[in-house]
Amino acid sequence: MVRSIWMSLLLLLSTFAFAEEDPCSLGSAMATSACQGPKWKAAEQELQASYDLQVAHVKEQSPHLLPDLVQAQRTWIRFREQYCSVYARDRVEGSSWTGFWEAECMADEARRRTQSIKHMLEVGY
């Protein structure tokens with residue numbers, strides 16, 4: 001009985017110690033995927049800000065093109081989702097790492113799209 005209490009206490013304490021560790025340094029697929037979340041979110045926020053600027057520019061300069069711009073962005077989103085799904089599955093299909101690679105791809109593609117939009121705004125498109 002005392003042994004069971006000690007084992008339970010040790011398990012509980014190790015759980016708290018684990019919770020204090022930086023999940024990015026743990027090396028497991030789940031922990032690493034959790035670390036990818038903030039990077040992906042930041043990339044998405046920057047993409048959204050760039051896209052909002054582009055929408056404002058098109059509304060001001062060429063409002064008749066706005067529906068096409070919106071449709072192009074929606075098409076790009078579908079492309080990215082499909083592309084990143086294939087990319088992740090090709091790397092580690094059936095592995096617990098698939099989510100990590102898909103999130104990394106989504107963030108990378110968001111950064112690329114952001115640069116593309118920024119370039120279009122710089123050249124006055």
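**Exercise 1. The core**

Which residues make up the largest nonpolar core, and how many are there in all? Find them, then trace them back to the helices.

*Solution.* A word before we start: this is a predicted model.

Step 1. Get your bearings on the fold. The chain holds four helices and zero strands, and from the N terminus on its elements read α-α-α-α.

Step 2. Collect the core members. The largest nonpolar core has 11 residues in all: Ala43, Leu47, Tyr51, Val55, Val58, Leu66, Leu69, Trp76, Ala107, Ala110 and Ile117.

Step 3. Zoom in on one member. Leaving aside residues up to four places away in sequence, leucine 69 touches Tyr51, Gln54, Val55 and Val58.

**Exercise 2. The chain as a whole**

Work out what share of the residues counts as buried, and describe the surface and the range of the contacts.

*Solution.* Step 1. The chain has 125 residues, and 27% of them count as buried.

**Exercise 3. The disulfide**

Which cysteines does a disulfide join, and are they buried or exposed?

*Solution.* Step 1. Count the bonds: there is one disulfide.

Step 1. Name the partners. Cysteine 84 is joined to cysteine 105, with an S to S distance of 2.2 Å; this falls within the 2.5 Å cut-off.

Step 2. Cysteine 84 sits in helix α3 and cysteine 105 in helix α4, 21 residues apart, and the pair links distant parts of the chain.

Step 3. Read the torsion. The angle about the S-S bond is -75 degrees, and the link of cysteine 84 and cysteine 105 is left-handed.

Step 4. Check the burial. Cysteine 84 has 0% relative accessibility and therefore counts as buried. Cysteine 105 is buried too, because its relative accessible area is 4%, and buried means under 20%.

**Exercise 4. Aromatic rings**

Count the aromatic pairs, then classify the pair of tyrosine 83 and tyrosine 87 by its geometry.

*Solution.* Step 1. The count comes to four aromatic pairs.

Step 1. Take tyrosine 83 and tyrosine 87. Their ring centres are 6.4 Å apart and their planes meet at 20 degrees, so this pair is stacked. The reasoning rests on two cut-offs: centres within 6.5 Å and planes under 30 degrees apart.

Step 2. Tyrosine 83 and tyrosine 87 are four residues apart in helix α3 (residues 66–92), so about one helical turn separates them.

Step 3. Compare with another pair. Tryptophan 97 and phenylalanine 100 are edge-to-face, at 5.6 Å centre to centre with 85 degrees between the planes. Here tryptophan 97 is partly exposed, at 27% relative accessible area, whereas phenylalanine 100 counts as buried at 10%.

Step 4. Join up the rings. Phe79, Tyr83 and Tyr87 are linked by ring pairs into a cluster.

Step 5. Finish with a charge. The charged end of arginine 91 sits over the ring of tryptophan 101, at 3.6 Å from its centre.

**Exercise 5. Far in sequence**

Where does alanine 103 lie, and which residues does it touch?

*Solution.* Step 1. Alanine 103 lies in helix α4 and counts as buried, at 8% relative accessibility.

Step 1. List the neighbours. Not counting residues up to four places away in sequence, alanine 103 touches Gln36 and Trp40.

Step 2. Alanine 103 and glutamine 36 are 67 residues apart in sequence, while their C-alpha atoms are 6.6 Å apart in space.

Step 3. Move to glutamine 61, which is found in helix α2. Its relative accessibility is 48%, so glutamine 61 counts as partly exposed.

Step 4. Pair glutamine 61 with glycine 124: they are 63 residues apart along the chain, and 9.7 Å separates their C-alpha atoms.

Conventions: Residues are numbered from 1 along each chain as its sequence is written. This is a predicted model: local features need pLDDT of at least 70, side-chain atom pairs count only at pLDDT 80 or more; totals for chains, interfaces and linings use all residues. Side-chain values use heavy atoms; hydrogens and water are left out. Rings of Phe, Tyr and Trp (its six-membered ring) pair if their centres lie within 6.5 Å; planes under 30 degrees apart count as stacked, over 60 as edge-to-face and the rest as tilted. Helices (H or I, at least four residues) and strands (E, at least two) are DSSP runs, numbered from the N terminus. Buried means under 20% relative accessible area, exposed over 50%, partly exposed in between (1.4 Å probe, protein chains only). A charge sits over a ring if NZ of Lys or CZ of Arg is within 6 Å of the ring centre and within 35 degrees of the ring normal. A nonpolar core is a set of buried Ala, Val, Leu, Ile, Met, Phe, Trp, Tyr and Cys residues joined through side-chain atoms within 4.5 Å. Contact means heavy atoms within 4.5 Å.
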